[in-house]
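Dear colleague,

I am handing over the structure we spoke about, and below it you will find what I took from it. Please read the notes with the structure open beside you.

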Amino acid sequence: MNERIYVAVDVETTGLVAGSDEIIEVAAVKFRGREILERYSQLVQPRQSLPLKITRLTGITLDDLASAPSFNAIGADVARFIKTHPIIGHSVNFDLTMLRAQGMNFNQPVYDTFDLATLLMPQAPIYKLGALADRIGIAHPADHRALNDAEVTAQVFTYLLEQIDQLSLDTLNEIVRLTQRMAWSLHDLFEEALSRKARTVFVSAQAADLKAAKPKSDDNDPQPLRPTGDARPLDPRLVEEFFAPDGTLGRSFSGYEQRAPQVQMAMRVTEAFNTSEPQLIEAGTGTGKSIAYLTPAAMFAARR
């Protein structure tokens with residue numbers, strides 16, 4: 001598990017426009033793994049009036065802010081708390097934009113739990129912080145209060161780091177390979193996980209050897225697939241014929257109608273396998289995406 005110290009940050013504001021709307025609450029949570037090391041929370045008195053909708057959303061009232069300091073009075077405390085630790089936030093660009101509008105600048109790594117969750121939890125129906133917390137089983141008793149949201153963000157981030165650590169060595173290696181030339185803020189999280197996984201690969205190999213030394217199972221058990229040694233590229237014509245009206249799909253399903261976008265997508269996926277290069281494909285509802293990528297994938301795998 002990653003043992004770095006991180007700081008989760010959250011702000012509540014009078015609105016969404018940096019430079020005109022203002023911070024009314026700022027909180028930060030310093031943590032390492034599942035351990036909370038330190039907390040910071042402070043109400044902030046804005047120069048403008050407090051919108052009623054913000055009071056309804058956050059529960060923060062004019063009376064709560066009456067004796068609160070201005071941001072200028074506490075900005076140095078916030079900076080001292082965060083220091084140079086990596087910053088964590090949920091849709092964190094908003095929080096950082098509001099803080100930068102107050103003159104704060106950050107040069108350390110920044111990780112967004114929203115972006116990370118969309119990658120590691122693709123089955124989630126919604127990626128709001130509270131919804132993710134519910135899905136993971138994290139209590140969040142006071143949504144839209146900065147300290148609560150910062151603590152929940154820290155816990156969600158820790159959970160997501162644990163999901164990264166559970167990825168296989170091959171998967172981590174492929175993610176790092178594909179993203180090493182991209183300006184992707186999350187790249188080093190996967191690179192660190194790959195480094196940790198690689199350090200234990202020999203231990204895992206030794207365990208596999210011990211398992212292999214056990215008595216073999218029945219001959220009727222499924223046997224592992226073995227490479228064919230056939231490294232020829234996949235013939236795009238074979239894939240195209242699969243989708244033809246008189247091809248495999250057409251003969252298998254009465255009323256089958258060929259979809260040109262599906263064939264086009266399958267051709268692009270075939271090209272990706274043949275060239276070992278990534279492809280980014282956007283395809284609308286009704287394209288038939290699953291069959292479009294699974295067909296060339298299955299053909300490619302079977303050949304090998």
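Which residues of the largest nonpolar core touch the most other members? In this model, which is a predicted one, they are Tyr6, Leu116, Phe157, Ile164, Leu189 and Phe190, out of the 29 residues in that core. The elements that give two or more residues to this core are strand E1 (6-13) and the helices H5 (113-120), H6 (129-136), H7 (146-165), H8 (169-179) and H9 (187-199), and the largest share, seven residues, comes from H7. Leu116, leaving aside its neighbours within four places in sequence, is in contact with Phe157, Leu160, Ile164, Leu186, Leu189 and Phe190. There is also a second, separate core of 20 residues, which includes Val9, Ile23, Phe81 and Ile82.

Turning to the sheet, five strands form an open arrangement in the order E3-E2-E1-E4-E5, with mixed pairing; the edge strands, E3 (35-43) and E5 (110-112), each pair on one side only, and the twist averages 20 degrees from one strand to the next. E1 and E2 (residues 23-32) run antiparallel and are joined by eight bridges, and Val11 has Val26 in E2 as its bridge partner. Helix H4 (residues 92-100) packs on the sheet, where it touches E1, E2, E4 (87-89) and E5, and its direction makes about 70 degrees with that of E1.

Finally, Ile54, which lies in helix H1 (residues 52-58), is buried, because its relative accessible area is 8%, under the 20% cut-off. Not counting residues up to four places away in sequence, Ile54 touches Thr13, Thr14, Ile24 and Gly59.

With best wishes

Definitions and conventions
Residues numbered from 1 in each chain as written. Predicted model: local features only at pLDDT ≥ 70, side-chain atom pairs only at ≥ 80, totals over all residues. Heavy atoms only, no water. Helix = DSSP H or I, 4+ residues; strand = E, 2+ residues; numbered from the N terminus. Buried < 20%, exposed > 50% of the residue type's maximum accessible area, 1.4 Å probe, protein only. Contact = heavy atoms within 4.5 Å. Core = buried A, V, L, I, M, F, W, Y, C linked by side-chain atoms within 4.5 Å. Pairing = 2+ DSSP bridges. Axes fitted to C-alpha atoms, helices over the stretch in contact; angles between N-to-C directions.
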